[in-house]
Amino acid sequence: MSQLNTLISQHPLEGIAHTGVFGKLSKTYPGVYFETPPQRKIIRLMPFREKAHAVNLILQDLYSMTMPGTGKFSQKDNLTIGWSAKNRWYITETPNSDTVSFCKIKNALSGLAAISDASQGLISIIIDGDDSRALISKGCVLNLSHFLPGDSTPSLMAHTNVHIYRLSESKFEILVPASHVTNFWEWLCLSAEEFGFQVTFLDQKFTEITENFDHTIPFEKLDKAT
Amino acid sequence: MSKQPNRLSQTVNECRIDRTKPIQFIFNGKSYQGYQGDTLASALLANGVTLIARSFKYHRPRGILTADAHEPSALVQLGSGSKCEPNIPATTIELYDGLEARSQNCWPSLAFDVMSINSLFSPIFVAGFYYKTFKWPAKFWTNFYEPIIRKAAGMGELSGKIDPDTYEKAHDHCDVLVIGGGISGIMAAKSAADSGAQVILCDENPVLGGQISDGKPPLEEVSGKGPLVEQVETLLQLRDMNNVRIMPRSMVFGWYDNNTFGVIEQVSDHLPQPEKNQPRQRMRKIVAQQIILATGSHERSLVFPNNDRPGVMLASAVQRYIRQYSVRPGQKAVIFTNNDSTKKLVNDLNSAGIIVSAYVDAREDITSDFSDIQCSNILNGYVVDNVHGGKKVQAVTLRPCNGGPLKKIDCDLICVSGGWNPAVQLLAQRGQKPQWSENYQNFLPQFSTGEDFLCTGSLAGLESTRDCLDHARLVGEIAGKRISGNTNISLEKLTSITTTKELETHNTGFFEVLSDKGKSFIDLQNDVTRKDVELAAREGYRSVEHVKRYTTLGMATDQGKTSNINGIATLSRSLNKPISQVGTTGFRPPYRPVSLGVLAGRSRGKHWRPILRTPLHNWVYAQGGKFIESGLWHRSQYFPINGETMAQSIDREVRTVREKVGFCDVSTLGKIDLQGPDAATFLNRVYCNGFAKLPVGRSRYGLMLREDGIVFDDGTVTRLDDDHYFITTTSAESCSIVSHLEYCHQVLWPELDICLADVGEDWAAIALAGPHSRKVLSEIVDNLDVSNDTLPFLKAVTTTVLGGLETRLFRISFSGEMAYELFVPSQHGADLAKMLMIVGEKYGIAPYGVEALDVLRIEKGHVSSELNKFTTASDLGLGGMMSKTKDYIGHRLSQRPGLIAPDREVVVGLLPLNPKHSFAQGAHIITTGTSATAENDDGYITSAAWSPTLNSYIGIALVRRGRERIGQIVDIVDPLNGKKPVTAKIVSHHFYDLENTRVTA
Amino acid sequence: MRIPCPLCGERPLEEFTYRGDAKVKRPDHDAPIEDWVGYVYVRDNPKGDHQEHWRHSGGCGSWLTVNRNTVSHIINSVEEARQTEESRISEKTQEKKLA
């Protein structure tokens, strides 16, 4: 059954997010940049009682990294390990790389930690630009002067449970639950209109769908930048 | 006719208007001209318009009293159509091209208002008249009196149309929040910012500067090098500092716990249309560590006969209109005051070409020096006995306090000053009780410093510019030091300024002219007079809070900012109690009115709450499937083809599942991953049935109770591996269950070694059901024997489908047919659905939605809506699942006599004798022949549907002693929906395949 | 209102869900029925400091024991609920040892 071999996963933002520059440009360039990376591997790691040390030894062995402390993430080459909750970390890998294999890590940590695959349920959106902080502050309750590059935390943004990594002064990665992401994207775009924003997809598979999926509740397509 | 006859030629302080930008606007249908920067009030005054509105109760002609947001009288209706807004003070409206405003509360016109006849009835309309009149006959109130009064009262009108503007919210954090951008606020902000702290400075006006822009000090100070010029320079420096954010047009309306502030930023209110991509208003929640309050003080009026006539204005307002807007509010003025702050006004009046006919100072023994006032008619110890003129002031009569002849003086402008009230409202919101000061004749903060706040400027009781600046500079330094962690800072220097401060106003405590002539108003917006307060005291009201409610003094949109203290003074005299004992009323947020739109922000229309979409959402839509809201989810409801109605579609879907094969998106199920050596123990404690011995590769139906013995949720638990379980819950309860399980794990049994993860988003779930489901399944699995021997009912495997797609495959059924639940990684859910359609086509496959799902489970007798937080496991017919020995949540209290009583309502089925007779969920059961009353109520329908399988309407119900009554005939009654009773037979709620042959095939 | 989550730092009320009194303890399985009724239904309503359970539902999901004054709203202390429980269990064990 050859037709069954071509599986195309459906990113929840397909047909919703459109590339381009939108909103009002108060300078000659947009104030905010959105990138929607293709789906990457995200593994949820929760060590069993008193096994954290043993887990770290194995992670060190496999990836030369260990679980960072509360509220932080560490990054090395293609891998990020970020703290997400008490006794819980996300291991994220940049797309198109294959350092982390779910089976491999599950086997290596068998009996030491609970592993589950979160790759499909969390959608990554990267926000950058001069006005990124002002935009995020509209919906997020975090005190950004106490949330610094290298920090990793769960919080609420636009009434959605999200996970936030601060990658640099102006660059943030937000992980949004798949069921909420359309809602979240709409809020993000409406709020970013006053800064002017640019949307880029980082995945070839993500085509600009012109024949509109036209959902039950259509999201008004934004005007291109004025 | 000259344009703007009352506009002066350019003045030195004219900082608000831009003469290069003239603006046309319309008021009451007539066209006028003003300038950019004018308020509607200043522009109307410039055009010689002084009659603006009619008052609330008596419909008296009213003009402009103030030059700021505390305006009680000049309320107008702004805009038209969906942008129409009532009750806006003309003093707050920034002029824009094409602005349209009109008077409200007057008919047929402002000049001739029929309702002013109310004035004749004013002896009846005194305070509290509702409580004493319109009482008889009692039923006339609702149908007759109330509608008339409602129509007669009230101010502007709502348009009734949808608000076309957008609003939004934002969050801000800072080290120091400075509230008030007058000279003290600016100085304090600079001083705090110099220490490196992150500072936010808020002011409700478009232009900061307070006193500088007010022009309160003598003109000569500004032209030379005085402290005020210092201020302008400071403000300019502030603008360039990176750690300072200045927010003009931002009103701090509330001070909440943990120093969280609500602020309304008027982003585009001053524009005819908000700019594209701009909200109209934004609500900011600002969290600060240290707060500096520099909210300033506001002038109050005096109480004298007919003090509400157009042309009576606050002295400081007159000054502001002259200095900042270059407007002459009248031609001939009389000043009526009880303090020294009005002395400088004389110079302003003179320089504006206004004749100062008299300077009337009510103070009898004063030490002030009047030699510097250029007025030929200074009258000490005189009061205003009456004001003449209806639609406009024409003259005043003056009376000496010590007796003597009256003097009548022609004038068209009366500049009144009754003293200055520090703006203590925000402090009162935090529970402070402002304290009366005899020296100042006003209420000062109870505490002007605290661990996390400092008051400065006139709010702290300072009067001279020098004192304010010195104090504010210190306050800013202290705030900065506190931010740096310095906790032991002496406030000595601050205290020394406040104790040695210069008094400037010398108010000696005069509030009201006692006269029986005309009406002496205290609260202009609610038309409360001096006599109303006296009446309240006579009728026995003692507390200032009661007097406020009884007279409505201070309850209008201006919250009595110009009037409260005068009312308190009248009450004090009437009760013969000093003001310090009478006290003041409390204050709650908001400080000034806040629009509902900005409180909603972006949560309106389709965004009023988040919409959750399943991974199959787009696929369902492409199929033409219809959606239904289920909590926050949009679930596929039914899939009509070829123009079917909903009923036809549901029937077809049900038959397809019963006879062929169908599949349903059940991705909304809650899914929880449970791992760890103590997982089985944990499961055993949270479910009422046993899980200690669930073998690997098996699913089991689980029933979870609440600790009070009531059923919480039903779901499934599948053992994937030794220490690895996969829990599903009903869609509606998934969040509560996750929270509950985390509570059990973290609080009840932290010693159990387990890990819990909410994996709901990670998996898409599809139920594949029907006699041909096995055949379809066999064609999509990669390498799996799916025969009944290898994959019997309740077996669970982890496998792959479609050439490598990871799948968790459980043989469980909700529909009563042979069925499988497939869990695939969520972004492949649509792939699976597409492939099922292709592979299943030859078997007649069709997707089905939640409507068909419900019919199928009702036919099978699966309880679902029966879990309604009132039912126990036994009620549901699941009592046998409850373990008798182990400790599980809900065990002990589920055995309470009330929960096991034999006469409880228990689950049964209902079949109408006439299969075509329908009934709805919520209908009640009564014994045939009895009447539909509460006493005869024997239960209610919990599920109802048309069953294409049985060709009849069927239902599940909770019926008292239901199981004993199988076979009995009852009536189903639905009086609420006006339906005729339906006769039905009580049957088992398992209508279909009682032996479970199809499920286990 | 803001609550300082021991793991995430100070966060506003929107991120938290309230449950109720943290002082009540789940009785032993065979305790008298009155203890169970008390556990589920009976609560003190103090005017003053109150020990209560909150969940950081908009953040890390931890259950927290918060000591909050019901009059002033001042939060006196916050710790992870599991720590409160573990301390309580070890105290009880200590008491048993001493007895």
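Tutor: Strand E4 (residues 49-55) of chain C pairs with strand E5 (residues 63-69) of chain C in the antiparallel sense over seven bridges, where strands and helices are DSSP runs numbered from the N terminus (strands E, at least two residues; helices H or I, at least four) and two strands pair if DSSP finds at least two bridges between them. Within this pairing, Trp54(C) has Leu64(C) of E5(C) as its bridge partner. The model is predicted, so local features need pLDDT of at least 70 and side-chain atom pairs count only at pLDDT 80 or more, while totals for chains, interfaces and linings use all residues. Residues are numbered from 1 along each chain as its sequence is written, and chains are lettered from A and ligands numbered from 1 in the order in which they are written.

The two strands belong to an open sheet of four, in the order E3-E4-E5-E6 (chain C), with antiparallel pairing. Strand E3 (17-21) and strand E6 (75-80) of chain C are at the edges with a single partner strand each, so one side of each has no neighbour in the sheet. On average, neighbouring strands of this sheet are turned by 30° against each other, direction ignored; axes here are lines fitted to C-alpha atoms, for helices over the stretch in contact, and angles run from 0 to 180 degrees between N-to-C directions.

Two helices lie across these strands. Helix H2 (residues 81-98) of chain C lies across E4, E5 and E6 of chain C and runs at about 85° to E6(C).

The contact between chain A and chain B takes 46 residues from chain A and 42 residues from chain B. On the side of chain A that touches chain B, H4(A) provides the largest share, five residues, and by class that side has 16 nonpolar, 23 polar and seven charged residues.

Key
Two residues are in contact if their C-beta atoms, placed from the backbone, lie within 7 Å. Ala, Val, Leu, Ile, Met, Phe, Trp, Tyr, Cys and Pro count as nonpolar, Asp, Glu, Lys and Arg as charged, and the others, Gly among them, as polar.
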